[in-house]
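This report walks through a structure for someone who has not seen it before. Please look over the sequence and the model before reading on.

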Protein chains: 2
Amino acid sequence: MPTETAPRAFGEKGRRDTRQRRALRDHLAATDAFTSAQQVYDDLRASGDRVGLATVYRTLQAMADAGEVDTLRTDDGETLFRKCGPRHHHHLVCRSCGVTIEIDGPSVERWASKAADDHGFSDVTHVVELFGLCPACTKAAG
Amino acid sequence: MPTETAPRAFGEKGRRDTRQRRALRDHLAATDAFTSAQQVYDDLRASGDRVGLATVYRTLQAMADAGEVDTLRTDDGETLFRKCGPRHHHHLVCRSCGVTIEIDGPSVERWASKAADDHGFSDVTHVVELFGLCPACTKAAG
DNA sequence: CCCATAATGAGAACGATTACCAATCGCTGT
DNA sequence: ACAGCGATTGGTAATCGTTCTCATTATGGG
């Protein structure tokens, strides 16, 4: 019986430490904005890293499953990714530049929990995201 | 200059009262669950209404723009639609059967507004949805 | 150093949604 | 009732993000 091989840098899915995964991890660590897989792919190529699109999608998905990145769906169906902290939190996202601030909200958690109870729902999760214009983009927009 | 033709049953996009739109409106009025366009299409055919898929998508989209239906994206990228009340509200959705309850949350609105102010964000909107198992599905799941 | 096998990547496949565009049909004026 | 205009429809092709396939490559334990 396999005695649970030592957990590595990435989550369950990412066993081996490849050049591609290092590049992806480094790239994500370098920005605070939510970014699409396509965008990450372009950025990596632009910086000289040779990584396949499929690998970008696969790795990003694995990291999301492992809770290392947060995901967000845009109105036009794209999935955006971003490195994230370990605690439960929500996001305040600039809809212009993508810059994101992690925020928490105990009151929201309580409200959600109560609403669920009031209606007899069980196993409840919630999606709470705020979108707006960050200070810089607000200024730029006049 | 056209003096703004009388506003009809549907929103800005839906001018004429066609058989297809009536069928769609009736169908939506008959259920409380969030449903996909494909599902609506299948349901309509099953009930004998002959409506093209493109028309279902177009009309649903128009109704969403007009604020007559709410939309929701599933994790696998499908857009779900549901009739909705006129006031601002959120949803408590059963992730098993789709049954939905409209809920409001003044505290959430306040929290969102404050978080935005604290970080200097402007023009802020929010997405708040709760997912769980409704009483019936909770029971069914054992 | 070797090898089993996890990982990669180019391109095909996919699924939801939208675009096209010729044929229809609702509406308004007559 | 009727005609005409133009909104609407719908079959299908096209889009677009994402996933799958599978032959090839490369990681890391032994």
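A polar contact, as the term is used below, is a pair of N or O atoms within 3.5 Å; within protein, one of the two must be able to donate a hydrogen and the other to accept it, and residues adjacent in sequence count only if both atoms are side-chain atoms. By that rule, 12 residue pairs are in polar contact between chain B and chain A, both residues at pLDDT 80 or more. The model is a predicted one.

## Chain A in outline

Chain A has 5 helices and 6 strands. Along the sequence these elements follow the pattern α-β-α-α-β-β-β-β-α-β-α. Taken along the principal axes, the C-alpha atoms of chain A fill a box of roughly 60 × 50 × 25 Å.

Chain A is divided into two parts: domain 1 covers 3–83 and domain 2 covers 90–141. The centres of domain 1 of chain A and domain 2 of chain A, taken over C-alpha atoms, are separated by 23 Å.

## Where the two domains of chain A meet

Domain 1 of chain A gives 7 residues to the contact, and domain 2 of chain A gives 9 residues. About 570 Å² is buried between these domains, with carbon and sulfur atoms giving 58% of that area. On the side of domain 1 of chain A, A:Phe34, A:Leu72 and A:Arg82 supply 61% of the area buried against domain 2 of chain A, more than any other three residues.

What polar links cross this interface? The rule finds 5 residue pairs in polar contact between domain 1 of chain A and domain 2 of chain A, both residues at pLDDT 80 or more. Strand E2 (69–73) and strand E3 (79–83) of chain A each supply at least two residues of the side of domain 1 that touches domain 2. By class, that side of domain 1 of chain A has 3 nonpolar, no polar and 4 charged residues.

## A:Arg82 and its partners

Across the interface of domain 1 and domain 2 of chain A there is 1 salt bridge. A:Arg82 pairs with A:Glu102 in a salt bridge, their closest N and O atoms being 3.2 Å apart.

A:Arg82 also forms a salt bridge with A:Asp32, where the closest N and O atoms are 3.5 Å apart. A:Arg82 lies in strand E3 of chain A, while A:Asp32 lies in the loop between helix H1 (19–29) and strand E1 (35–36) of chain A, so this pair ties together parts that are 50 residues apart in sequence. Over all chains, the structure holds 14 salt bridges.

## How the two chains are related

Chain B is superposed on chain A by a rotation of 180 degrees with 0.0 Å of shift along its axis, at an RMSD of 0.1 Å. The two copies are therefore related as by a two-fold rotation axis. Which residue of chain B comes closest to the rotation axis? That residue is B:Val128, whose C-alpha is at 2.2 Å. The same surface serves both copies, as 97% of the contact residues of chain B recur in chain A.

## The interface between chain B and chain A

The size of an interface is often given as the accessible area lost when the parts come together. Chain B and chain A bury about 3,000 Å² between them, and 64% of this is on carbon and sulfur atoms. In chain B, the residues that lose the most area to chain A are B:Arg73, B:Trp111 and B:Phe121, together 23% of what that side buries. The contact takes 39 residues from chain B and 38 residues from chain A.

Between chain B and chain A the count is 2 salt bridges. The side chains of A:Arg95 and B:Asp123 meet in a salt bridge at 3.0 Å, N to O. Several elements of chain B give two or more residues to the side that touches chain A: strand E4 (90–94), strand E5 (100–103), helix H4 (106–118), strand E6 (122–133) and helix H5 (135–140). The largest share of that side, 12 residues, comes from E6(B). By class, the side of chain B that touches chain A has 20 nonpolar, 12 polar and 7 charged residues.

## A loop residue in chain B

B:Ser47 sits in the loop between helix H2 (37–46) and helix H3 (53–65) of chain B. A polar atom of the B:Ser47 side chain lies 2.9 Å from the backbone oxygen of B:Leu44. B:Ser47 and B:Ala64 are 17 residues apart in sequence, and their C-alpha atoms are 23 Å apart in space.

Methods:
Residues are numbered from 1 along each chain as its sequence is written. Chains are lettered from A and ligands numbered from 1 in the order in which they are written. This is a predicted model: local features need pLDDT of at least 70, side-chain atom pairs count only at pLDDT 80 or more; totals for chains, interfaces and linings use all residues. Side-chain values use heavy atoms; hydrogens and water are left out. Domain bounds come from an automatic or database domain assignment. Contact means heavy atoms within 4.5 Å. Buried area is the accessible area (1.4 Å probe) that two parts lose on being put together, summed over both. A salt bridge is a side-chain nitrogen of Lys or Arg within 4 Å of a carboxyl oxygen of Asp or Glu. Helices (H or I, at least four residues) and strands (E, at least two) are DSSP runs, numbered from the N terminus. Ala, Val, Leu, Ile, Met, Phe, Trp, Tyr, Cys and Pro count as nonpolar, Asp, Glu, Lys and Arg as charged, and the others, Gly among them, as polar. Copies are superposed by least squares on the C-alpha atoms of residues with pLDDT of at least 70 in both.
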